[in-house]
Amino acid sequence: MSVADVDRRDEIGAFAAAHGASLAFLQQGDPSLSQELTRLADAGAAQIVLVGVSSGPLAPALSWLRRIAAYWWRERAGSRPEILVATRLLDGPDGFAGATADARPITGGEPGLTSGAWEDVTGHRHQVMLCRGPRCTAKGAVDGVRGMVMAMIEHELGDDDVLLVHTGCQFPCNQAPVISVQPDDVWYGHVDAEVATRIVTEHFVGGVPVQSHRLERK
Ligand code: FES
């Protein structure tokens, strides 16, 4: 479900394979949910059951699994399989049977992918680039991201205040995990959960960058 779950590809994929299932990603990872649904449908699947897997607070609401699947289902021309969506996230290795047993079918009446609330660019003051390139990911970028999200929740900062954007490599990989803050043009290195929390408190709320982890800008 979340960007962070892409890092768990091997673990979740092995679990899926052990249960006769396949793996797809709601965001950033490949294959996407839509790609995998198309593959299964083209292979002749008559019924597909979707079970969401998530690593905590970084995931979108479970309703998005249903919403994205419904969009694919409506768009699918010709024959299409029945799709059922579990009503709860998989909460552990023993929960697979229970999650699939509670799955409810897509009807086509689910909300679409647009909303009046998503028409305009937000009024954010900061755009924060969170590097999820290979070096930063290997050095624990997800911990900093999680720390930042939790601190933003604590300070009640939303998309209108700080817009978080996951990126590929931003180049100063030796300083991984890296984040950069625009339009301030402030770059940070070695961002763990504690540093991320300080960045939220001191920089975003207090207006003063965290000098101890700031990278020199040439
Ligand atoms: S992988 Fe993050 S800066 Fe290169």
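## The model and its conventions

The structure is a predicted model, in which local features need pLDDT of at least 70 and side-chain atom pairs count only at pLDDT 80 or more, while totals for chains, interfaces and linings use all residues. Residues are numbered from 1 along each chain as its sequence is written, and side-chain values use heavy atoms, with hydrogens and water left out.

## The chain as a whole

The chain has 8 helices and 7 strands; helices (H or I, at least four residues) and strands (E, at least two) are DSSP runs, numbered from the N terminus. Along its principal axes, the C-alpha trace spans about 55 × 40 × 30 Å.

Of the 218 residues in the chain, 39% are buried, where buried means under 20% relative accessible area, exposed means over 50%, and partly exposed lies in between (1.4 Å probe, protein chains only). Among contacts between residues at least 6 apart in sequence, 66% join residues at least 24 apart, a contact being heavy atoms within 4.5 Å.

## Helices H3 and H4

Two packed helices are described by the angle between their axes and the distance between the axes. Here, axes are lines fitted to C-alpha atoms, for helices over the stretch in contact, and angles run from 0 to 180 degrees between N-to-C directions. Helix H3 (residues 33–42) packs against helix H4 (residues 63–75) at an angle of about 50 degrees, with the axes 10 Å apart. The two helices are therefore oblique to each other, since angles under 35 degrees count as roughly parallel, over 145 as roughly antiparallel, 65 to 115 as roughly perpendicular and the rest as oblique.

H3 passes H4 in a right-handed crossing; a crossing is right-handed if the near helix is turned clockwise from the far one by less than a right angle, and left-handed if anticlockwise. From H3, the contact is made by Leu-33, Ser-34, Leu-37, Thr-38 and Ala-41, and from H4 by Leu-65, Ile-68, Ala-69 and Trp-72. Sorted by class, this contact has 7 nonpolar, 2 polar and no charged residues, where Ala, Val, Leu, Ile, Met, Phe, Trp, Tyr, Cys and Pro count as nonpolar, Asp, Glu, Lys and Arg as charged, and the others, Gly among them, as polar.

## Helices H7 and H8

The axes of helix H7 (residues 141–154) and H8 come within 7 Å and cross at roughly 40 degrees, which makes H7 oblique to H8. This crossing of H7 and H8 is right-handed. On the H7 side, Asp-143, Gly-144, Gly-147, Met-148, Ala-151 and Met-152 meet Ala-193, Ala-196, Thr-197, Ile-199, Val-200 and Phe-204 in H8. By class, the contact of H7 with H8 has 8 nonpolar, 3 polar and 1 charged residues.

## Selected residues

His-203 lies in helix H8 (residues 193–205) and is buried, with a relative accessible area of 2%. Leaving aside neighbours within four places in sequence, His-203 is in contact with several residues, including His-126, Asp-184, Tyr-188 and Arg-198. Ser-54, in the loop between strand E1 (47–50) and H4, is also buried, with a relative accessible area of 18%. Not counting residues up to four places away in sequence, Ser-54 touches Met-1, Asp-5, Arg-8, Ala-59 and Leu-89.

Cys-131 is buried at 4% relative accessible area, whereas Cys-169 counts as partly exposed at 32%. A search of the whole structure finds 0 disulfides, a disulfide being a pair of cysteine sulfur atoms within 2.5 Å.

Most residues other than glycine have a negative phi, and most peptide bonds are trans. A cis peptide bond joins Ala-176 and Pro-177, with omega about -5 degrees, and Pro-177 lies in the loop between strand E5 (162–167) and strand E6 (179–182). The peptide bond from Gln-182 to Pro-183 is cis as well, with omega near 5 degrees, and Pro-183 lies in the loop between E6 and strand E7 (186–188).

Phe-171, although not a glycine, has a positive phi of about 95 degrees; Phe-171 lies in the loop between E5 and E6 and counts as exposed at 72% relative accessibility. Asp-185, again not a glycine, has a positive phi of about 55 degrees. Asp-185 is found in the loop between E6 and E7 and is partly exposed, with a relative accessible area of 28%.
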